Amino acid sequence: MMLRLSGAHGGTIHAGPVAGALSVALLLAGCGGGGSGSDAGDPSASGTVTLVTHDSWALDEKLVDRFEQESGLTVEVSAAGDAGTLVNQLVLTKDAPLGDAVFGIDNSFASRALEEGVVEEYTPEGLPDGAEQLGAALTPIDQGDVCVNADEAWFEKSGLEVPKTLDDLADPKYRDLLVVTNPATSSPGLAFLLATIGAFGEDGFEDYWTSLADNGVKVADSWEDAYYVDFSGAGEGGERPLALSYATSPAFTVNEDGSESTTSALLETCFRQVEYAGVLAGSDNPEGARELVDFLLTEDVQSALPESMYMYPADSSVELPADWQKFAPQADAPFEVDPTEVSEHRDEWIERWTETVLG
């Protein structure tokens, strides 16, 4: 069955910065399952708590409803663009915060948020084993691997072996088959650029991208364009059988009987994105913000993330949907770049990529 991905597969599959003012969506709903840090219904936490997040926030409103009922809080959700735009807006408004809590800062932009002091220190008591905070202020909520995806049927029909590695993608036999997204306008595009920096180093990634450009790589501005317009595996008429997406995408291209997926993720091409939540410094309702961060770590929310946000939960003890266990494994060894290095060199790397690939 072919399922069109939407919402938060963009949620870290963001389509790029939103021009102009903030786009605001309000959810007067509330959540579920009792947080582990502060007690639900804490009398010091009351009134409205505003969550500033990315455009792809898509948590089940029934969970939010239950949270409101149990905590006595009213939740408003303010959407601020993609991950990069979100952090930019938080920095620009840090003296007059847009809300109380934030969700959706990812590891490409986390260092900037910490350096600018937009979040205050808070560590939930219920932080899952193995989930590491950043700066004692950013709490991991979910994660996902950005990887190249392959249209298995196209490769079988063509008699061509599916590539496995980054080096394979530059092989002339895969000329004109790959579409990626622009790191200046796309969060997964930036993640893939970081994968190549992790693989080839700061001094070698430009040579690699030159080889991809010489091999006919196509660059789309957004994940939606790359996946739904150019990718042949999305079932919507695309002509390129290799596209930048997520390791979870094959769980949504499963055939009618559920026996196999028509696409696969190249797990040797991945960069792992982590999405964080935190309490905004100077917020009007810090206690409510802490309860909201606690809520995002509850078992009910963590269990809902694969279906609602298309991301892996931060809590590795949560049981994944059957399709995910079969068709959406994570990479054993995703490429990594130190967040501090990302913060210091992000703009420079994007400029160098732009000059190398787009000219």
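Author: Happy to. Among contacts between residues at least 6 apart in sequence, 80% join residues at least 24 apart, where contact means heavy atoms within 4.5 Å. This is a predicted model, in which local features need pLDDT of at least 70, side-chain atom pairs count only at pLDDT 80 or more, and totals for chains, interfaces and linings use all residues. Residues are numbered from 1 along each chain as its sequence is written, and side-chain values use heavy atoms, with hydrogens and water left out.

Reader: Good to know! How many helices and strands does the protein have?

Author: The protein has 12 helices and 11 strands. Both are DSSP runs, numbered from the N terminus: helices are H or I with at least four residues, strands are E with at least two.

Reader: And what share of the residues is buried?

Author: Of the 359 residues, 57% count as buried. Buried means under 20% relative accessible area, exposed over 50%, and partly exposed in between, using a 1.4 Å probe and protein chains only.

Reader: Where does P140 sit, and is P140 buried or exposed?

Author: P140 belongs to strand 5, residues 139-151. With a relative accessible area of 5%, P140 is buried.

Reader: What does P140 touch?

Author: Leaving aside residues up to four places away in sequence, P140 touches several residues, among them L127, V274, Y276 and L297. The C-alpha atoms of P140 and D315 are 9.1 Å apart, although 175 residues separate the two along the chain.

Reader: Switching topic: why is helix 9 described as largely enclosed?

Author: Helix 9 (residues 286-296) has nine of its 11 residues buried, so it is largely enclosed by the rest of the structure. The buried ones include R290, E291 and D294.

Reader: R290 is a charged residue in there, then. What does R290 form with E120?

Author: R290 and E120 form a salt bridge, with their closest N and O atoms 2.7 Å apart. R290 lies in helix 9 and E120 in strand 4, so the pair ties together parts that are 170 residues apart in sequence. E120 itself is partly exposed, at 22%.

Reader: What counts as a salt bridge, and how many are there?

Author: A salt bridge is a side-chain nitrogen of Lys or Arg within 4 Å of a carboxyl oxygen of Asp or Glu. By that rule there are nine. Another one joins the side chains of K94 and E116, at 3.0 Å from N to O. K94 is in the loop between helix 2 (83-92) and strand 3 (101-106), and E116 in the loop between helix 3 (110-115) and strand 4 (119-120), so this pair ties together parts that are 22 residues apart in sequence.

Reader: Which residues are linked in a network of salt bridges?

Author: E202, E206, E348 and R352 are. Within that group, R352 pairs with E348, the closest N and O atoms being 3.0 Å apart. The two are four residues apart in helix 12, which means they are separated by about one helical turn. R352 is buried at 17%, whereas E348 is partly exposed at 31%.

Reader: Last one! Where is E344, and is E344 buried or exposed?

Author: E344 is in helix 12, residues 339-358. At 53% relative accessibility, E344 counts as exposed.
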